[in-house]
Amino acid sequence: MKERTSVKLTLAYDGTDFHGFARQPGLRTVQGELEKWLSEASERPVEVIGASRTDAGVHAGAQAVQFAADSLKVPPERLMAYARGTLPHDLTIRNWEVVPADFHVRFAARWKTYRYMLDLGQVPDVFVRRFATHVPQPLSEEAMREGASALHGTHDFTSFCAAKAEQTDKVRTIYRIHFFRQSDDLMAIDVTGNGFLYHMVRNIVGTLVEVGKGKIPPTALAPILEAHDRRAAGPTAPPQGLTLWHIEYHKDWLDDQ
């Protein structure tokens, strides 16, 4: 049997009251709250590595983190029970598993899916306002689908990357952009790819919303990509509509044999 030295947790959180995932001095973050909780449970410092650095206000349904198993004072199987009533109300652990010594929660990911929610009702729905962006104007879903098709495949996504992004390689692969309705007024847009640049999904959605409004023609998406210029694309969609929905891993990384 392979040596196991790390614990992988799958987290869900409401990002509204967090200043993003990554630890920041003096600010409430997901990583900071989780490390504080794990350190208190273990009575020793515990540091975690995250699969994705979600921004302030962005949510997660399946964020993945890992930490050294030997940093735990309590058995990992007791973490779920201990989490009930001790974790902050807007952060939960969905599951845990022991992973191989050479597993890396970020580099082992095959693909990620982000989901963006649009509230299209004339009056904003107060029950989804923390998780969806209100767009009261009618949108052409057909035009949005047509425009999105130009983004499928491997491209340089500089036009959809925030200017202050640290990544130098702007090439990413989009496997799928899927539109569906959760209700008459609630549209979901799932964007699945091998990785994402800073604000990339929010910039894609902001541009597609402009396409849906008729302000940008769907045929303009390919030239926007080819421009390699952030100014060519549409606005950045607000953070509250975005959720890190799923991360898929190679099965052999998580094989217990």
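This is a predicted model: local features need pLDDT of at least 70, side-chain atom pairs count only at pLDDT 80 or more; totals for chains, interfaces and linings use all residues.
I'm counting a residue as buried when its relative accessible area is under 20%. That cut-off matters for Asp55, which has 19% and so is buried.

**Asp55 and its partner.** I looked up what Asp55 pairs with and found a salt bridge to Arg202, 3.5 Å from N to O. Asp55 sits in the loop between strands S2 (49–50) and S3 (59–68), while Arg202 is in helix H4, so the pair ties together parts 147 residues apart in sequence. Arg202 has a relative accessible area of 10%, so I put it down as buried too.

**Helix H4.** Next I followed Arg202 into its helix. H4 covers residues 200–213 and reaches 20 Å from first C-alpha to last, close to the 20 Å expected. I found 13 of its 14 residues buried, so the helix is largely enclosed by the rest of the structure. Just after H4, Gly214 takes a positive phi of about 90 degrees.

**Other salt bridges.** I looked at Glu97 and Lys8, whose closest N and O atoms are 3.1 Å apart. Glu97 is in strand S4 (residues 91–100) and Lys8 in strand S1 (residues 4–13), so this pair ties together parts 89 residues apart in sequence. Lys8 is buried at 5%, whereas Glu97, at 24%, counts as partly exposed.

I then checked Arg115 and Asp190, which meet at 2.7 Å, N to O. Arg115 belongs to strand S5 (residues 109–119) and Asp190 to strand S9 (residues 186–193), 75 residues apart. Both Arg115 and Asp190 are buried.

Notes:
Residues are numbered from 1 along each chain as its sequence is written. Side-chain values use heavy atoms; hydrogens and water are left out. Helices (H or I, at least four residues) and strands (E, at least two) are DSSP runs, numbered from the N terminus. The expected span of a helix is 1.5 Å times one less than its number of residues. Buried means under 20% relative accessible area, exposed over 50%, partly exposed in between (1.4 Å probe, protein chains only). A salt bridge is a side-chain nitrogen of Lys or Arg within 4 Å of a carboxyl oxygen of Asp or Glu.
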